[in-house]
Amino acid sequence: MTQESACVSILLIDDEAIALDLIAHGLEREADIVLRYDARSEMAVALAREVAATTVLVDLRMPGADGFDVIRMLRADPATEHIPVVLLSSEDDPSIKVKAFAMGANDYLVKWPDPRELLARVRYHSAAYVARQQRDAAFVSLRLSQEELAASQSALHQAQKMEAIGQLTGGVAHDFNNVLQIISGNLQLIKLLGGVSEKAHSRIDIALAGVERGAKLSAHLLAFARRQPLQAQLINPGQVLFDMGDMIRRLLDPRATIATDIAPDLWSTMVDANQLNNVLLNLAINARDAMTGGGKLTIRAQNVAAGSPLLAEVGKSQGADDYVLLEIADTGTGMEPAVLQRAFEPFFTTKPTGQGTGLGLSMAYGFVKQSGGEILLKSEVGVGTSVKIFLLRSQAAAPEMEAVISEPLSGGQETILVVEDEEEVRRTTVELLTALGYRVLQAAHAGSAMSLIQSGIPIDLVFTDVIMPGEMSSLQLSVAVREYLPDTQVLFTSGYAEGVLAHEGKLDPGVNLLQKPYTPDVLSTRIRQVLRQRKIAL
């Protein structure tokens with residue numbers, strides 16, 4: 001019978017070896033009992049742990065540590081404090097028995113007990129000890145289950161809050177951005193038409209700055225709720241950090257220092273480069289605000305292979321994916337635990353009113369999660385804050401990044417069909433494109449646009465809103481354009497297009513989307529880019 005399969009494990013401690021023969025004689029026929037003998041009473045705790053004793057039989061009178069000492073040692077150690085102890089003695093003295101029970105003995109037997117009595121007492125004490133262990137294990141399991149349930153409920157509550165915010169954001173984003181487009185478009189038209197005083201021109205610029213702030217607010221909310229369509233592209237994250245270096249330096253206090261630790265040969269990753277720039281910029285701004293009077297900003301980037309201990313921090317240690325780690329760390333004031341717990345919540349901020357929207361970290365959280373990555377925030381008061389972003393590795397090599405060329409406001413003589421259900425938005429867009437020299441057709445919905453497409457009128461580009469009423473959707477319209485006018489390009493526009501053009505938060509390849517609200521500069525540049533694609537195809 002092996003120790004592992006035994007139900008009852010008895011440790012006998014006695015200075016006389018004959019005790020083993022006497023005790024074993026009464027237990028030798030019991031297949032589920034394992035008996036271990038040792039004379040080293042001073043080693044009682046180690047021996048009991050070694051054999052996983054369920055009962056200890058110990059002689060009272062021994063040289064060195066006696067039976068009372070053994071009881072004292074076993075009760076003093078957390079690993080053995082509950083193991084039943086049966087004291088064996090040749091003395092049938094009530095005062096000794098009282099002392100034994102007072103010290104923690106579970107039983108007292110006068111040498112040598114009848115084998116049947118010994119077996120019954122050993123089984124009784126062992127069964128009670130095993131039952132106690134099972135009860136304690138059940139309590140521990142219950143406590144862990146309760147903690148896991150509380151953590152799951154907290155995670156569910158957070159997910160429900162995010163979903164509620166996402167639904168609210170998605171519901172208002174389309175109309176909100178349409179309103180911003182009407183305001184922005186008309187202000188830009190006034191500037192294009194000219195004839196306004198310098199003072200009025202200044203007021204228009206202030207109003208346009210307000211429109212831009214509103215657009216960023218909407219975009220950040222959509223990013224947090226993971227409802228912002230991402231135009232992912234293959235990039236080298238090290239190059240992104242390098243290109244942002246000068247901008248970050250200009251953001252910081254002149255007394256602050258920047259340390260960069262960007263590993264060579266960084267893996268590439270598929271993300272929306274513009275959104276990543278916004279995230280890193282927001283993190284740099286947060287670091288600046290936390291480092292009043294100077295400080296040190298550290299920018300790190302490194303490859304993190306699957307199974308790396310770094311991934312254990314975000315629960316990915318057992319995964320098979322490789323990641324690229326980007327980290328922004330500062331030596332600022334840091335966050336208290338209560339603040340750290342809420343840091344990713346939208347609109348939560350510790351900054352004074354008017355100095356922060358509370359959307360920077362929440363936008364970063366939503367963008368990283370939507371991109372399939374992980375984000376980890378650590379902070380300690382008086383030490384600083386670290387934000388680690390883990391982005392999935394792409395096996396393809398990133399192409400060299402082209403320099404961004406700022407194109408002047410330009411138009412053309414091509415024919416553009418504007419499809420927009422919001423009358424004010426449509427009218428403003430038509431006037432903007434007309435002012436740029438284009439021949440412009442317009443339709444209030446996809447159905448009327450189809451009549452123009454089927455009429456045979458030459459159309460170079462269809463500029464259509466994504467969300468429109470009617471039986472025909474914008475996607476069905478684009479399919480019809482490819483069928484009837486295969487050389488015509490399609491440029492979508494929307495303030496909120498989740499679930500229409502995007503799948504799992506990412507735009508399908510080949511889809512051209514211009515987010516509302518847009519400026520004449522952005523509109524003209526985007527149209528020229530799309531029309532150039534048409535010429536290349538021809």
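**View 1. Aromatic pairs in the predicted model.** Two aromatic pairs are counted, where rings of Phe, Tyr and Trp (its six-membered ring) pair if their centres lie within 6.5 Å; planes under 30 degrees apart are stacked, over 60 edge-to-face, and the rest tilted. Y323 and F390 form an edge-to-face pair, with 6.5 Å from centre to centre and 85 degrees between the planes. Y323 belongs to strand β10 and F390 to strand β12, 67 residues apart. Helices (H or I, at least four residues) and strands (E, at least two) are DSSP runs numbered from the N terminus. Y323 counts as buried because its relative accessibility is 4%, and F390 is buried at 0%. Buried means under 20% relative accessible area, exposed over 50%, and partly exposed in between (1.4 Å probe, protein chains only).

This is a predicted model, in which local features need pLDDT of at least 70 and side-chain atom pairs count only at pLDDT 80 or more, while totals for chains, interfaces and linings use all residues. Residues are numbered from 1 along each chain as its sequence is written, and side-chain values use heavy atoms, leaving out hydrogens and water.

**View 2. The rings of F463 and Y518.** The ring centres of F463 and Y518 are 5.8 Å apart and the planes stand at 65 degrees, so this pair is edge-to-face. F463 lies in strand β15 and Y518 in the loop between β19 and α15 (520–537), so the pair ties together parts 55 residues apart in sequence. F463 is buried at 2% relative accessibility, and Y518 is buried with a relative accessible area of 2%.

**View 3. The sheet around β15.** Five strands make an open, parallel sheet in the order β14-β13-β15-β16-β19. Strands pair if DSSP finds at least two bridges between them. β14 (439–443) and β19 (513–515) are the edge strands, each pairing on one side only. Strand β15 (residues 461–465) is joined to the parallel strand β16 (residues 489–494) by five bridges. In this pairing, F463 stands opposite L491 of β16.

**View 4. The largest nonpolar core.** This core has 38 residues, and L276, L326, L361, I375 and I389 have the most contacts inside it. A nonpolar core is a set of buried Ala, Val, Leu, Ile, Met, Phe, Trp, Tyr and Cys residues joined through side-chain atoms within 4.5 Å. Helix α8 (273–290) is among the elements giving two or more residues, and α8 gives the most, with seven. Leaving aside neighbours within four places in sequence, L276 is in contact (heavy atoms within 4.5 Å) with I235, V240, V271, L326, F367 and L391.
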